[in-house]
Each structure stands twice: as structure tokens, then as C-alpha cells.
Amino acid sequence: MKIAILAVTKKGYKTAEKIKQSLPDSVIIDSPAGVRLALEHIWTRYDGIICIMAAGIVVRCISGLCHSKYSDPCVVVIDEHGAFSVSLLSGHIGGGNKLAVKVARLCKGTAVITTASDLSGHTA
């Protein structure tokens, strides 16, 4: 899975570096023009996007980019300390739930999965 990592704070960049070391197909994306433009630029180029920032920022920035759970990249949002790894978009089909769990383990945090079928063990 080709993964882009975005961070907006110094602590977030440190967490991004930690994650990148354990995910060989990942790259840290600089966003000097802002998070929205960075996400627009990478949206179709990566299978997964890890955003180390507030979930609200990410929701506002991706709202116009989402098209289909079959084609959108998965999006995982984590806090800058890595305490919580939230599967935000394309969790089941796009692999976001698995990525959230993987990132949570790397950061010694907690994965937040809300996909009912994954939680109950039933097929979606």
C-alpha cells in the first residue's frame, strides 16, 4: 500500500518520522500551501493517507474529494502523540481499518474503528 503522511506540527512531524520508518512504502508530504491543497494533490496518487492533525481539519478538506468507497484512498487520522489512530474513510474496503490498527501498534496507541461489520465479525 502506497501511503502519504501529512503533519502540521513539530510533534506531528516527529510522529510521522516514526511511522515512516516502519512503513516502507510511505512518504512524508510537506504542505507549505496548506493541508487542503496537499490533499487535493495526493488524493489519487496514494492508496492511503495518514493525517497527523485534528479530524475536523481533515473532514473539511476531503469533503469535496470523496467519490466512492471503491476508489477513494483510505484516510487515517491520528493525534500528534499517536495516542489514537482513527479510521476515517474507506475503512473496510480501502484498508483504513487495518492501517489504523497498524499505526496504533507502531505508536503504542489505540485504534478507533467504527465499521460495524468489522466490529461484529460479519461480512459487510
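**Exercise 1. Confidence.** What pLDDT does the protein average, and what percentage of the residues score at least 70?

*Solution.* pLDDT is the predictor's confidence in each residue, from 0 to 100. The protein averages 92, and 93% of the residues score at least 70. Where pLDDT is low, predicted coordinates should not be read in detail.

The model is predicted: local features need pLDDT of at least 70, side-chain atom pairs count only at pLDDT 80 or more, and totals for chains, interfaces and linings use all residues. Residues are numbered from 1 along each chain as its sequence is written, and side-chain values use heavy atoms, leaving out hydrogens and water.

**Exercise 2. Sheet.** Determine the strand order and the edge strands.

*Solution.* Strands are DSSP runs (E, at least two residues) and helices likewise (H or I, at least four), numbered from the N terminus; two strands pair if DSSP finds at least two bridges between them. The open sheet has six strands in the order S2-S1-S3-S4-S5-S6, with mixed pairing. S2 (26-29) and S6 (110-112) each have a single partner strand, so they stand at the edges. S4 (residues 74-78) and S5 (residues 84-89) run antiparallel, joined by four bridges.

**Exercise 3. Thr15.** Is Thr15 buried or exposed?

*Solution.* Thr15 is found in helix H1 (residues 10-22). Its relative accessible area is 7%; buried means under 20%, exposed over 50%, partly exposed in between (1.4 Å probe, protein chains only). Thr15 is therefore buried.
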